[in-house]
Amino acid sequence: MTRLRFLIVLISMFFTAEAFAQQPLPHGMIFGTKPDTAGAMDASRLRGYMDKKKRITTAIKGKVLKVNAEKGGWFEIDAGKNQPVAAHFKDFNVVLPAEIKGRTVIVNGVAVRSFLADDNQHFAGDTVSYKADAKLRRRISFEVKGLMVYQ
């Protein structure tokens, strides 16, 4: 009798584990609004395409490096040359699964060029501890309206 109970529990645990197993994200899965896939450029070309412009509306294709926050869809896209594009959804209610890391996606939205001072910017008036060799880093952030899993 105990073997039968053990067998029943073991079988039910197996089916429960199968039901809760993570399924891979399918090709074509959409978060937010459906992006325009026809004019999507590679993310590594975004900096050159922006040139001197501060802000453009475009669609890019790139590999997701990491998901920073699932709620609100904060993530980073590989733009080459060790300079990722920080992206987040315009609609904060979008929940982006962590399994999207490493997948190629197409996103459309608004790319914004900004400058970040280094971490010592608050010492700017302090001549004793501030170093004058502080550099501005250029960064591109992307406000996403829609994302589609490409590969």
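This note walks through a predicted model, point by point.

1. **Ground rules.** Residues are numbered from 1 along each chain as its sequence is written. The model is predicted, so local features need pLDDT of at least 70 and side-chain atom pairs count only at pLDDT 80 or more, while totals for chains, interfaces and linings use all residues; side-chain values use heavy atoms, with hydrogens and water left out.

2. **Overall layout.** The protein has two helices and seven strands. Helices (H or I, at least four residues) and strands (E, at least two) are DSSP runs, numbered from the N terminus. In order from the N terminus, the elements read α-β-β-α-β-β-β-β-β. Contact means heavy atoms within 4.5 Å. Of the contacts with a separation of 6 or more, 68% join residues 24 or more positions apart.

3. **Surface and burial.** The accessible surface is about 10,400 Å², and carbon and sulfur atoms hold 55% of it. Such areas come from the Shrake-Rupley method with a 1.4 Å probe; for residues, only the protein chains shown count as cover. Of the 151 residues, 30% are buried. Buried means under 20% relative accessible area, exposed over 50%, and partly exposed in between (1.4 Å probe, protein chains only).

4. In soluble globular proteins, nonpolar side chains tend to be buried together. Here the largest nonpolar core has 26 residues, and Phe-75, Ile-100, Val-107 and Leu-147 have the most contacts inside it. Two or more residues each come from helix H2 (46–50) and from strands E3 (55–69), E4 (74–77), E5 (85–89), E6 (104–117) and E7 (136–149). E7 gives the most, with five residues. A nonpolar core is a set of buried Ala, Val, Leu, Ile, Met, Phe, Trp, Tyr and Cys residues joined through side-chain atoms within 4.5 Å.

5. **Leu-147.** Neighbours within four places in sequence are set aside here. The contacts of Leu-147 then include Met-29, Phe-31, Phe-75, Phe-89, Ile-100 and Val-107. Thr-33 is also one of them.

6. **Thr-33.** This residue lies in the loop between strand E1 (30–32) and strand E2 (41–42). Thr-33 is partly exposed, at 46% relative accessible area. Beyond residues up to four places away in sequence, Thr-33 touches Lys-145, Gly-146 and Leu-147. Thr-33 and Asn-108 are 75 residues apart in sequence, but their C-alpha atoms are 9.0 Å apart.

7. **E4 and E5.** These strands pair in the antiparallel sense over three bridges. Two strands pair if DSSP finds at least two bridges between them. Phe-75 has Ala-87 of E5 as its bridge partner. In a regular strand the side chains alternate between the two faces of the sheet. In E5, Val-85, Ala-87 and Phe-89 form the covered face, and Ala-86 and His-88 the uncovered one.

8. **The aromatic pair.** Rings of Phe, Tyr and Trp (its six-membered ring) pair if their centres lie within 6.5 Å; planes under 30 degrees apart count as stacked, over 60 as edge-to-face and the rest as tilted. The count comes to one pair. The rings of Phe-75 and Phe-89 have centres 6.4 Å apart and planes at 45°, so the pair is tilted. Phe-75 in E4 and Phe-89 in E5 are 14 residues apart. Both are buried.

9. **Two loop residues.** Asp-51, between H2 and E3, has a positive phi near 50° without being a glycine. Asn-82, between E4 and E5, has a positive phi of about 55° and is not a glycine either. Asp-51 is exposed at 55% relative accessible area, and Asn-82 is exposed at 75%.
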